[in-house]
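Q: Hi, I'm new to this one. Could you walk me through it?
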Amino acid sequence: MDMLKPSYALPDLPPPTDLETVVVLKALAKANRALAELKGRAATIPNQGILIDTLALQEAKASSEIENIVTTQDELFQADLQLEGPDSPAAKEVALYRDALKLGYSRLYETGGLITNRTLIDMFRLLKGREDSFRVTPGTALRNDATGEVVYVPPQDAREIEAAMSGLEKFINEDDRSPLDPLIKMALIHHQFESIHPFPDGNGRIGRILNVLYLTRADLLDIPILYLSRHITRTKAHYYRLLQAVRAENAWENWVLYMLEAVAETAQATLTLVEGIRSQMASVKKRLREEVPNLYSQDLLNNLFRHPYTRIEFVVNDLHISRQTAAKYLDLLAEKGFVAKHRSGRSNYYVNEELLRLFLDVSGGR
């Protein structure tokens with residue numbers, strides 16, 4: 001292959017253009033209102049781990065579909081159970097995305113709120129199961145899936161990639177460097193990351209994790225639960241056209257508007273999920289107290305929602321009870337209709353079917 005020449009000069013951020021036009025400010029106000037409502041409602045869930053675990057897995061599913069890694073809800077949750085039986089490679093890859101997202105979130109606490117290139121590299125290594133980091137070999141080009149035509153050539157030189165990622169890291173973490181609203185800044189960060197295309201593979205997924213981590217760093221969310229990839233999945237062709245339009249025509253306004261619309265729409269979708277989970281938890285709590293008062297505990301309630309597909313070992317670990325007692329609990333819950341009992345190989349698992357229906361209804365997924 002001949003040496004490819006980059007087709008776009010990466011700008012210093014923020015780019016020298018008006019990013020706060022009247023139409024952008026109007027969309028910005030809508031997106032910020034939606035995020036504020038989501039942040040407030042999410043805080044009403046008594047155990048935030050429930051949202052992190054369940055919604056991170058939904059985000060992982062949607063983000064992976066953009067890369068044509070498709071799995072069903074059933075395959076995804078079954079893979080999470082780690083039971084005997086046939087494995088779904090796609091479900092395992094989606095679960096790795098969830099794990100990479102959670103790794104990035106944990107690093108926010110360890111670094112005092114910084115999003116570092118080391119964190120991005122470690123997420124890439126976890127996601128892809130490899131030990132390298134930023135690209136060092138020339139030859140990367142992004143092509144049209146249908147025609148094979150090269151549509152964009154990112155930086156090829158390893159030193160240029162390293163320098164560009166160093167500059168992006170500074171822009172992400174230096175809050176006084178720009179007076180821009182964090183949502184506009186997130187749109188710039190995402191575009192710059194995708195244009196640098198720093199990794200040999202997995203750039204799209206790492207870039208989408210970066211969006212959620214930045215919103216958490218900017219205190220627009222307390223925890224990384226924005227279901228952002230759903231919008232991109234449904235508008236995939238438009239998303240890629242707008243990415244390229246910035247490179248070819250400096251069309252920043254349309255790009256920022258797209259990202260603000262994505263935030264507003266998916267904040268509403270995530271709010272529906274959060275409200276549905278909150279409502280279901282209240283209903284199940286009431287039923288547990290009335291129908292099986294000897295079993296009821298907040299830990300049991302949390303288990304049924306943190307693990308839409310649960311198993312005896314999960315209950316043992318969450319409730320600190322014996323395996324025999326956990327089995328009795330789950331069988332009684334199945335008898336009373338709180339969960340549905342299933343078998344895989346030699347093991348039983350139990351499904352919170354009402355919660356699963358909520359995921360399917362909101363995502364429109366399989």
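Q: Which helix gives the largest share of the lining of the largest cavity?
A: Helix H2 (residues 48-66) does, with 3 residues. This is a predicted model, where local features need pLDDT of at least 70, side-chain atom pairs count only at pLDDT 80 or more, and totals for chains, interfaces and linings use all residues. Residues are numbered from 1 along each chain as its sequence is written, and side-chain values use heavy atoms, leaving out hydrogens and water.

Q: What counts as a cavity here?
A: On a 1 Å grid over the protein atoms alone, a cavity is a set of points where a 1.4 Å probe fits but cannot get out, and lining residues have an atom within 4 Å of a point.

Q: Which residues line the largest cavity?
A: Leu55, Ala56, Glu59, Leu101, Val212, Pro224, Ile225, Leu226 and Tyr227. By type, that lining has 8 nonpolar, no polar and 1 charged.

Q: And which ones line the second largest cavity?
A: Leu38, Lys39, Ala42, Leu221, Asp222, Ile223 and Ile225. They divide into 5 nonpolar, no polar and 2 charged.

Q: Switching to helix H13, which of its residues are buried?
A: In H13 (residues 312-319), Ile312, Phe314, Val315 and Leu319 are buried (under 20% relative accessible area, with a 1.4 Å probe and protein chains only). They sit on the same side of H13, because they cover an arc of only 160° around the axis, taken from the directions from the helix axis to the C-beta atoms.

Q: What covers them?
A: The cover includes helix H3 (73-81), helix H12 (298-306), strand E3 (309-310) and helix H14 (323-335).

Q: What happens just after H13?
A: His320 takes a positive phi of about 55° there.

Terms used:
On a 1 Å grid over the protein atoms alone, a cavity is a set of points where a 1.4 Å probe fits but cannot get out, and a pocket is an open set with protein on both sides within 12 Å along at least five of seven lines; lining residues have an atom within 4 Å of a point. Helices (H or I, at least four residues) and strands (E, at least two) are DSSP runs, numbered from the N terminus. Ala, Val, Leu, Ile, Met, Phe, Trp, Tyr, Cys and Pro count as nonpolar, Asp, Glu, Lys and Arg as charged, and the others, Gly among them, as polar. Buried means under 20% relative accessible area, exposed over 50%, partly exposed in between (1.4 Å probe, protein chains only). Contact means heavy atoms within 4.5 Å.
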